[in-house]
Amino acid sequence: MRLLIVDDSSIIRSRIARIMGDPRLPSLKIVGMAKNGVEALELFSNAQPELVTMDLTMPEMDGVECTESMARLNPQANILVVSALSDKATAIKALKRGAKGFLYKPFTDEQLIGALLEVMS
Amino acid sequence: MVDITEREIEVFVGAVNRYFAQITGEKAKIRSSFLAEGEIHPPIYDFTGLISLSGRYRGCIYFSATKIMLMRLLLAMQEPRQTDAHLLDAVGEIANTLAGNAREYFGEDMGISVPTTFQGPSERLEAAVRERPYVIMIKWKQYEAAVIIDIAKK
């Protein structure tokens, strides 16, 4: 399965990438990492990932707008929002615009693995 | 600014506790919390991440930490890269996480910016904080940091 990681923090991008090697996850190939929504959309169009981890608070284009655009391009894409924004309204908005799951930051490795497995199922 | 309420302070204390517990497996200790007024200035450590507020709120939230604390936190995240750029990234991400988590209480009407980060003292940082911000002093292991909260409703 092809994975795109979207987050404006390089530390979070690297952390998510490291967790992808966990044996509990199916084989995932990281096809790109983006630090904002504009970069993410370009990579999404070119690399056509089936799975995306999506931050929300980012410069240039936020994650909700980016999620909506990705879902329009490929409604089958599995988009997991990984964000610190902890109000219910934001989670509902992201899910309505095409996200398949929502994980709050800060997260443990186990929580991310669980959320990814749920989204992929 | 309008004085922050006890419940609102608890929201940020909870966010700090959750952050350190999730990332390191060990809660941070709240050393003290106080209103910075008069001669008492909010602390600025080696690295600072600033979040500006918008929507129904104005003001800012910042997280400031010593270099050694951030290096230890990066290690806890199994992040081997420890350049100043990575420490700035880390402090911005922590500020973003604390402010974002606070929206569970304040709601989506509290708009939060992407983080602006600073190394050392900065006039821009000092200018961002108005009079009488609330300070939460944090200790994790032997390392120090602070969360500064300057929130008012529009």
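Modeller: One convention before we start. Angles under 35 degrees count as roughly parallel, over 145 as roughly antiparallel, 65 to 115 as roughly perpendicular, and the rest as oblique. Also, this is a predicted model.

Biologist: Fine. At what angle do helix 1 and helix 3 of chain B pack?

Modeller: The angle is about 130°, and the axes of helix 1 and helix 3 of chain B are 9 Å apart. Helix 1 of chain B and helix 3 of chain B are therefore oblique to each other.

Biologist: Is that crossing left-handed or right-handed?

Modeller: Helix 1 and helix 3 of chain B cross in a right-handed way.

Biologist: Which residues make the contact?

Modeller: From helix 1 of chain B, they include B:Val11, B:Phe12, B:Ala15 and B:Tyr19. Helix 3 of chain B brings, among them, B:Ile94, B:Leu98, B:Ala102 and B:Phe106. By class, that contact has ten nonpolar, two polar and four charged residues.

Biologist: Over to chain A. At roughly what angle do helix 2 and helix 3 of chain A cross?

Modeller: Roughly 15°. The axes of helix 2 (residues 37-47) and helix 3 (residues 63-73) of chain A come within 10 Å. Angles under 35 degrees count as roughly parallel, so helix 2 and helix 3 of chain A are roughly parallel to each other. Their crossing is right-handed.

Biologist: And which residues touch there?

Modeller: Helix 2 of chain A uses A:Gly37, A:Ala40, A:Leu41, A:Phe44 and A:Ser45. On helix 3 of chain A, the residues are A:Cys66, A:Ser69, A:Met70 and A:Leu73. The contact of these two chain A helices divides into six nonpolar, three polar and no charged residues.

Biologist: What lines the largest cavity?

Modeller: Its lining has 13 residues. Nearest the centre of the largest cavity are A:Ile12, B:Tyr19, B:Ile23, B:Met77 and B:Glu93.

Biologist: Which helices supply at least two residues of that lining?

Modeller: Helix 1 (10-19) of chain A does, along with helix 1 (6-24) and helix 3 (84-106) of chain B. Helix 3 of chain B gives the most, with four residues.

Biologist: How do the lining residues divide by class: nonpolar, polar, charged?

Modeller: The lining of the largest cavity divides into nine nonpolar, one polar and three charged residues. B:Glu93 is one of the residues nearest the cavity centre.

Notes: Residues numbered from 1 in each chain as written. Chains lettered and ligands numbered in written order. Predicted model: local features only at pLDDT ≥ 70, side-chain atom pairs only at ≥ 80, totals over all residues. Heavy atoms only, no water. Axes fitted to C-alpha atoms, helices over the stretch in contact; angles between N-to-C directions. Left-handed = near helix turned anticlockwise from the far one by under 90°. Contact = heavy atoms within 4.5 Å. Nonpolar A, V, L, I, M, F, W, Y, C, P; charged D, E, K, R; others polar. 1 Å grid on protein atoms, 1.4 Å probe; cavity = no way out; pocket = protein on both sides within 12 Å on 5 of 7 lines; lining within 4 Å.
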